[in-house]
There are 2 protein chains.
Amino acid sequence: MKKVVLGVDVGGTNTKLGLVDGEGNILAESSIPTPANTSGVSAADFVKQLCEAAFVLQHQPSEAFEVIGVGAGAPNANYSKGTVEFAANLPWPHEVVPFAALIQTYFPNLPVKVTNDANAAAIGEKVYGGAKSMNDFVVITLGTGLGSGIVVGGRLVYGCDGFAGEVGHIIMIPGGRLCGCGRAGCLETYVSATGLKQTAFEVMSHRYFSGKSLLKAISFNEITPKYIADAAQQGDSMALEVFEKTGEMLGLALANTVAFSSPEAIFLYGGLANSGDLLLEPTRKSMNKNMLKNYCKRNAHGQIVQEANTQLRLSHLCNKNGAVLGAAALVWHEK
Amino acid sequence: MKKVVLGVDVGGTNTKLGLVDGEGNILAESSIPTPANTSGVSAADFVKQLCEAAFVLQHQPSEAFEVIGVGAGAPNANYSKGTVEFAANLPWPHEVVPFAALIQTYFPNLPVKVTNDANAAAIGEKVYGGAKSMNDFVVITLGTGLGSGIVVGGRLVYGCDGFAGEVGHIIMIPGGRLCGCGRAGCLETYVSATGLKQTAFEVMSHRYFSGKSLLKAISFNEITPKYIADAAQQGDSMALEVFEKTGEMLGLALANTVAFSSPEAIFLYGGLANSGDLLLEPTRKSMNKNMLKNYCKRNAHGQIVQEANTQLRLSHLCNKNGAVLGAAALVWHEK
């Protein structure tokens, strides 16, 4: 039987499952709805549904697979303890859910690993993606919020408590935009799907006399990152300014990130990363501008050029089911 | 013969040498002047003086020591390459000096390690100080500038190029105070001996009508951190505000640092750290206030308390020759 790892990506709306081989091929996949956070569904019941769906996947009419481990990415997951703790977007916002232990009851004697989605993406990048030959790199996930997986010396940084790597909650502007975490000015309030919308409305609030813009024709509730990106692609100057400002903030945060761990590359992953050069170019410009000289390139004469050594790249997993791959890589990585 | 490591601390004014045993005792020590950066002394000549002074130490009239390795802390040192690169405060600001290789010629066949002073302080804390049982911690050195040594999973973070850990050059205030690195708003322009002086003058510039202060009686050239600390100890309200503001900025930066690597403790080391509670208390207050809830304590009912899990402590090496100990620990650590 073909050996596979069950990769699980617990999202706010859907939970995806995939059987992944050692080369990063997803041989079978499915999904179940994640229960709404008002549903009252218990964690034990959700894990039961999840594992039953996995058994169905495992025993295909044409082929059965040998599952050799389970890797799951979930919000607020703690790798060290195997828990999902106080996850605001899941039905257990006030609980410490023993997620790995619950899964383990369905897969006895197998390794079961749990981590947050950004850490899973980082391990996926290392095992299957653009970081195969790298020991020091960072993956930034740009979705509703901003997550980060930091790899140092070939290993994920978990910190003393399993919760390290919350670059989205670096305070960039003391007293700035209100954040879901209860504080203000966090990076993710500026750089994320939500942050992009807010910046669109900030730009409109500042530029009353600057003419027509597609942004002016849509409500806060209706506007999406894709709408703003489409407008920018059409040359809408306000939409372009939104990406310029977003990249400026992200580039500064990445320059600061380099001053911590001096990574070989930083990979952008997730919905916003799909806007490609619209976000990448202003981010690179700002990252170069704000980079400490120690981390800059030198020209043929040995003189410093104000350009970062650290590469800024899109994740190689952007167009694949990267979160499922990353979750499975948690187990394959340690084989 | 007693086995010792030669620990070297290359400072801007003096270079200290010590013979250090495995328990962190300095069995013999001396120092030589560091050549001024206008002196024209070559790196080779300086290393010759240094090693000759070491040989004198090694062969005491009463006892001879067996040197089993050399560890040196120096500004702008690169651990991976053994170099000192473009060090603005040494006589070779435009050179990549092969520092370890030069020392090696005097100590053939022995391990020779070079790193920056903050990394050396971090290793010293791990081997001899308060971090003996810790795998994740950060040491912040507060001198003329602000340095940092970041330990993750028991190992120093060097990054892809040997230059990681420049927390002093995190940009805190875009467009803020001008920094020696050529950029603006770096943490060390606010939190360092120099930053403290600048903050004293900023406070005076804002508070003309707020009465007498010892700060008003001294020039920018003459004021020292000790003068400001002495004034604060006497209850001088402006001097107290200087420490309050300095701690507020440092606490915010440390809360951001925790969001990277979630260390068990952060140790403050160096001149400014000697001001003790004057700096420690406002720093702790700000660090607690700005800490992401994930990294906060819980009370007996499991509710989050706005207080950091990460301990803020003074270095255990503050009253010892920590830089020499740390440099020697570079070699002992790998035994």
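**Exercise 1. A helix in chain B**

Is helix α8 (residues 322–332) of chain B largely enclosed by the rest of the structure or exposed, and why?

Before starting, note that this is a predicted model, in which local features need pLDDT of at least 70, side-chain atom pairs count only at pLDDT 80 or more, and totals for chains, interfaces and linings use all residues. Residues are numbered from 1 along each chain as its sequence is written, while chains are lettered from A and ligands numbered from 1 in the order in which they are written.

*Step 1.* A residue is buried if 20 or more other C-beta atoms lie within 10 Å of its own, exposed if 12 or fewer, and partly exposed in between, with C-beta atoms placed from the backbone. Helices (H or I, at least four residues) and strands (E, at least two) are DSSP runs, numbered from the N terminus.

*Step 2.* Go through the helix. The buried residues of α8(B) include B:Gly322, B:Leu325, B:Ala328 and B:Trp332.

*Step 3.* Conclude. Eleven of the eleven residues of α8(B) are buried, so the helix is largely enclosed by the rest of the structure.

*Step 4.* Look at one residue. Leaving aside neighbours within four places in sequence, B:Ala328 is in contact with B:Val5, B:Gly7, B:Gly18, B:Val20 and B:Gly71; contact means C-beta atoms, placed from the backbone, within 7 Å. B:Ala328 is also among the residues that touch the most other members of the largest nonpolar core, together with A:Phe99, A:Ala328 and B:Phe99. That core has 204 residues, a nonpolar core being a set of buried Ala, Val, Leu, Ile, Met, Phe, Trp, Tyr and Cys residues joined through C-beta atoms within 7 Å.

**Exercise 2. Two domains of chain A**

Find the domains of chain A and describe their contact.

*Step 1.* Count the contact. Each side is listed with its own number: 14 residues from domain 1 and 14 residues from domain 2. On the domain 1 side, helix α3 (residues 117–128) of chain A gives the most, with eight residues.

*Step 2.* Zoom in on A:Ala118, which lies in α3 of chain A. With 29 C-beta neighbours inside 10 Å, A:Ala118 counts as buried. Among the residues that A:Ala118 touches, beyond four places in sequence, are A:Val139, A:Thr141 and A:Gly165. A:Thr141 is 23 residues apart from A:Ala118 in sequence, yet their C-alpha atoms are 6.0 Å apart.

*Step 3.* Inspect a sheet. Five strands of chain A form an open sheet in the order β11-β10-β9-β12-β15, with mixed pairing. β11 (155–156) and β15 (311–314) stand at the edges with a single partner strand each, so one side of each is left without a neighbour in the sheet. Strands β9 (residues 137–142) and β12 (residues 265–269) of chain A pair in the parallel sense over five bridges, with A:Val138 partnered by A:Ile266.

**Exercise 3. The two chains together**

Work out how chain A is related to chain B and describe where they meet.

*Step 1.* Superpose. In chain A, the C-alpha of A:Met172 is nearest the axis, 3.7 Å from it.

*Step 2.* Count the interface. Contacts join 35 residues of chain A and 36 residues of chain B. On the chain A side, α6(A) gives the most, with six residues.

*Step 3.* Compare the surfaces. 100% of the interface residues of chain A are also interface residues in chain B, so the copies meet through the same surface.

How values were computed. Least-squares fit on C-alpha atoms with pLDDT ≥ 70 in both. Domains from an automatic or database assignment. Pairing = 2+ DSSP bridges.
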